[in-house]
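Colleague: Could you walk me through this one? I'd like to go from the overall picture down to single residues.

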Amino acid sequence: MLKKIDLPENVTADDVAAEAGVSRWTVNRAFKKAASISPATRDKVMAAAQSLGYVPDLRAAALASDRSNLVALLVDDFANPHKLVMMERLTRALRSRGWDTLLVNTLDRDDAGSAMLNASQRRVDATILIGIQFDDEVLKAAHKARRFKKLIIFARTSENPNTISIAVDDQAATREIARYVMERGYKNPLYLAGPRTVSAHLLRKETFLEFWKNHTGHVPGSIGVDAYDPILASDIIRQTLAGYQGQERPDIIVCENDALALGTIDSIRHHLHLRVPEDIAVIGFDDVPQADSPNYRLTTYRQPLTAMANYLVDVLESADTSDMDRTFMGSLVVRESA
């Protein structure tokens with residue numbers, strides 16, 4: 001016969017206070033990250049709470065303050081493996097400093113506006129956008145509701161005055177990539193770009209084409225796809241290069257991000273039956289985990305996501321909302337693909 005274990009029901013802060021031999025006020029302070037309390041007292045309270053199975057009521061705490069410590073994270077474009085890396089770094093930084101996350105998958109551009117307004121009704125302290133579907137029209141419509149405390153665009157820059165942008169310096173990073181391509185002796189680059197958005201926009205394609213023109217007098221060829229999807233990238237590269245012969249072919253394909261670069265390498269090898277980098281070199285942007293695999297060994301630009309995520313939490317915890325935009329510098333990671 002199984003032994004019946006009596007578990008306490010509705011354990012309160014008063015129960016923890018009695019168990020630990022402290023006041024209820026001390027229990028409440030022990031669960032506040034920035035509260036002034038001695039380590040020994042905090043440990044005693046936490047031990048009592050664990051033995052009784054007590055957890056504080058976050059909803060009640062949020063209602064009693066102006067801050068919920070909850071952010072809405074709106075994400076799209078899940079074919080792009082870098083999204084998962086960004087989400088991991090962001091949620092790690094948020095949780096380490098006492099913030100929780102409401103994840104919303106925005107299905108398409110038509111869904112983006114309603115998803116943002118829905119998130120704003122959940123009493124979140126900020127809405128963080130990671131995606132390609134948040135253009136000026138969507139941002140403007142969302143702000144008409146005037147429910148956002150802070151609207152943060154992560155890993156992209158936006159000229160919308162009602163947003164805070166936290167991103168890598170795309171122009172400086174792309175110029176570093178272009179200099180590397182030129183110094184390595186490549187003469188005929190092709191640029192593969194992703195979808196064009198109006199506000200939350202990457203400036204990589206424009207910067208690369210301008211740099212190359214200024215230094216060679218020649219504007220490189222460029223093509224684009226509608227999503228950061230390796231399969232779409234593979235298809236467009238196959239279609240574009242199928243009719244090229246010999247010196248007509250680009251000697252390097254510069255990709256706006258790693259998702260496109262991975263698809264490009266697959267197409268060069270398995271559809272066109274050419275070698276990387278001997279026949280066509282490939283360079284990406286982001287440094288996703290797959291970039292370092294033996295299948296790709298992709299030369300790419302690594303974004304400083306940990307520093308960007310930590311700064312985002314600084315923004316959340318700041319009372320200021322003006323002049324909070326920040327750009328970061330990453331680093332070029334050289335591997336065998338270029």
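Modeller: Helices (H or I, at least four residues) and strands (E, at least two) are DSSP runs, numbered from the N terminus. This is a predicted model, where local features need pLDDT of at least 70, side-chain atom pairs count only at pLDDT 80 or more, and totals for chains, interfaces and linings use all residues. Residues are numbered from 1 along each chain as its sequence is written, and side-chain values use heavy atoms, with hydrogens and water left out.

Colleague: How far does helix H3 reach from its first C-alpha to its last?

Modeller: H3 covers residues 39-52, which is 14 residues. At 1.5 Å a residue you'd expect 20 Å, and the model comes close to that, with a reach of 20 Å.

Colleague: Which residues of H3 are buried?

Modeller: Buried means under 20% relative accessible area, exposed over 50%, partly exposed in between (1.4 Å probe, protein chains only). On the other side of H3, Pro-39, Ala-40, Asp-43, Gln-50 and Ser-51 are exposed. The buried ones are Val-45, Ala-48 and Ala-49.

Colleague: Within what arc do the buried residues of H3 fall, seen down its axis?

Modeller: The arc is that of the directions from the helix axis to the C-beta atoms. In H3 the buried residues line one face of the helix, because they fall within an arc of 100 degrees.

Colleague: Which helices are included in what covers those buried residues of H3?

Modeller: Cover here goes by contact, meaning heavy atoms within 4.5 Å. What covers the buried residues of H3 includes helix H1 (13-20) and helix H2 (24-30).

Colleague: Is Ser-234 buried or exposed?

Modeller: Ser-234 is found in helix H10 (residues 230-241). Leaving out residues up to four places away in sequence, Ser-234 touches Gly-263, Ser-267 and His-271. Its relative accessible area is 8%, so Ser-234 is buried.

Colleague: Which ring does the charged end of Arg-326 sit over?

Modeller: A charge sits over a ring if NZ of Lys or CZ of Arg is within 6 Å of the ring centre and within 35 degrees of the ring normal. Arg-204 lies over the face of Phe-285, 3.6 Å from the ring centre. For Arg-326, the distance to the centre is 4.1 Å, and the ring is that of Tyr-311.

How values were computed. Expected span 1.5 Å × (residues − 1).
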